[in-house]
Number of protein chains: 2
Amino acid sequence: VRPLVGAVDIGATKTLVTVSPYPIESWPASRPMVRFATPRDPVACVERIGRALDLLAGREMGALVAVGCGTPGPLDRERGIVIHSPNQAWRDIPIGPWLSERVRVPVAIDDDARTGALGEAVLGAGAGADPVVYLTISSGIGSGLVLGGALVAGAHGLAGEVGHLVVDRRGPRCTCGNRGCIEAFASGGGLARRARRAWPRATTVDGRAAPHSAADVFRAARLGDPEARRLADEAAWALALGFASLAAVLDPEVIVVGGSVGLARRSFVRRAAALARHRVMRESAGALRVTRAALGGASVLAGAALLAGYLASEEGVA
Amino acid sequence: VRPLVGAVDIGATKTLVTVSPYPIESWPASRPMVRFATPRDPVACVERIGRALDLLAGREMGALVAVGCGTPGPLDRERGIVIHSPNQAWRDIPIGPWLSERVRVPVAIDDDARTGALGEAVLGAGAGADPVVYLTISSGIGSGLVLGGALVAGAHGLAGEVGHLVVDRRGPRCTCGNRGCIEAFASGGGLARRARRAWPRATTVDGRAAPHSAADVFRAARLGDPEARRLADEAAWALALGFASLAAVLDPEVIVVGGSVGLARRSFVRRAAALARHRVMRESAGALRVTRAALGGASVLAGAALLAGYLASEEGVA
């Protein structure tokens, strides 16, 4: 039988499951997949994942050697526990051990931002490059650093929080409690919060309802509203200074940008990259490459497959 | 005979040479050393280094297996060439190959900031910690990142420029051509440039000549001058935001601060560390450790010994 790894992406709303030949050499654009609404009951969730893996492995006439799983954070990687997932109201759920018991192979878990970063860096837009920084800009900014093919964890597992690079001492409040983080300026949630502060609900801009989402801000900016322009401008600058600081500290071969805002707002990201090139040392300006995530919705799955692959090679499978 | 590595620190004004048992296990507080004024003639410099190494190795009744050398940058590490050293007016000097020919063992070179970072991180204040960020704050800010015992080079050898983290989009001009880098706010040279702009030469502050050095700014700030206070305050904040950004991206186990300004201005560095703890995520606040360099003037020598040790183990000596 062919050795396979299982890959699972437990999302806030839906869960994706697939399998990949092991060792993993590439990530094809399409791949048989099972998807279902993430059950609130974690026992049911594990059972659905187990059935999906059985089905997919059977179809491939292969046998699982390990399973990787991107999950909501915060979590305890070592013990495979999701400490808290607000969407499912999960608390201290040992998803790794439960799933491992169900599928009878070792299971590795990591949070979805880091798992997606690993997938994009190694099998997606960062394939072949080193170091790679991945930013997923959606309601917040998730990220991960990949050096020599492995995620940088830091001394306490807290590395890779690129969204919390501070670019303005007096900037807007961030969800992390501080001020002037990139996330507070340039994430979907950050822009929406700034918009709600700038335009009380009652007002209108050019005859339309006042902006209350990042999309609204970008639209109003395009229509020429000066306040929206200022917010969009500051968002691009914050992202640019973040890119510049990453270039100074890490000299990444490529910075990969994904996430709903990152992918939908091409000109925004392109502008930030152009601004950043004027804010780095001359040698770095030519070297600073910012590109779009390539795996779309599959980056967490690809990273989960890699987690499984690393686990399998550590455990001496293959 | 005992295997030894040679360690050389070619400084702008003086050159230090020592030897260490190989493999290198620690860096004793004192060690036999030869020091001389760095000759402007690179051939003479290599000859003096060679003689010093012969003398020291003979005294230890050992034999060199490799030599490491911290040199002024910019340089071509691979080929062992100092591309430009303004103090000695050296241009394209193949110091590595020349020294290797003289001492008949392989020679590794790296720039002094990176070499000092490696020494402090592995054998000095960062010993046992991982990752380690080292900042040397003197006229500029040099730095290095050490991950898993090795310097992070980045994709183009440009990683570790912590002094060029951007903390204020509209901040003062930096020597690198950009604005708002930490170095522009918090280095000796940056503070001196800000002081000269704030106080035209003719003016006096409290009956004294106007500040024109970093030390003057700190003194005037202590005496209560509001403008000097503002500059010292902004310097501490810039350094703090740099620490906070490093914590967010790399989660270092320890940030080691050395250099003439870094070591002389204890309360300045301590204040920056305290401010930084309010500007990181809650989990990181307790984890953020900033400490003083421990090797004093020997950090480049210790790093050079490590460079030699890595080279020896790569080449299969020992």
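Predicted model: local features only at pLDDT ≥ 70, side-chain atom pairs only at ≥ 80, totals over all residues.
Residues are numbered from 1 along each chain as its sequence is written, and chains are lettered from A, with ligands numbered from 1, in the order in which they are written. Local features need pLDDT of at least 70, side-chain atom pairs count only at pLDDT 80 or more, and totals for chains, interfaces and linings use all residues, while side-chain values use heavy atoms, with hydrogens and water left out.

The size of an interface is often given as the accessible area lost when the parts come together. Here chain A and chain B bury about 3,400 Å² between them, with 61% of it on carbon and sulfur atoms; buried area is the accessible area (1.4 Å probe) that two parts lose on being put together, summed over both. On the chain A side, the residues that lose the most area to chain B are Arg169(A), Val249(A) and Arg279(A), together 20% of what that side buries. In terms of contact (heavy atoms within 4.5 Å), 44 residues come from chain A and 44 residues from chain B.

Polar pairing also links the two chains. Across their interface, 22 residue pairs are in polar contact, both residues being at pLDDT 80 or more. A polar contact is a pair of N or O atoms within 3.5 Å; within protein, one must be able to donate a hydrogen and the other to accept it, and residues adjacent in sequence count only if both atoms are side-chain atoms. The elements giving two or more residues to the side of chain A that touches chain B are β10 (141-147), α7 (226-250) and α10 (282-287) of chain A, where helices (H or I, at least four residues) and strands (E, at least two) are DSSP runs numbered from the N terminus. Of these, α7(A) gives the most, with 10 residues. That side of chain A divides into 25 nonpolar, nine polar and 10 charged residues, with Ala, Val, Leu, Ile, Met, Phe, Trp, Tyr, Cys and Pro counted as nonpolar, Asp, Glu, Lys and Arg as charged, and the others, Gly among them, as polar.

Salt bridges come next (a side-chain nitrogen of Lys or Arg within 4 Å of a carboxyl oxygen of Asp or Glu). Arg169(A) forms a salt bridge with Asp233(B), their closest N and O atoms lying 3.9 Å apart. Within chain A, Glu227(A) pairs with Arg230(A) in a salt bridge whose closest N and O atoms are 2.9 Å apart. These two residues are separated by about one helical turn because they stand three residues apart in helix α7 of chain A.

Finally, the backbone deserves a look. Most residues other than glycine have a negative phi, and most peptide bonds are trans. In chain B, the peptide bond from Tyr22(B) to Pro23(B) is cis, with omega near 0°, and Pro23(B) lies in the loop between β2 (14-21) and β3 (34-37). The bond from Asp130(B) to Pro131(B) is cis, with omega near -5°.
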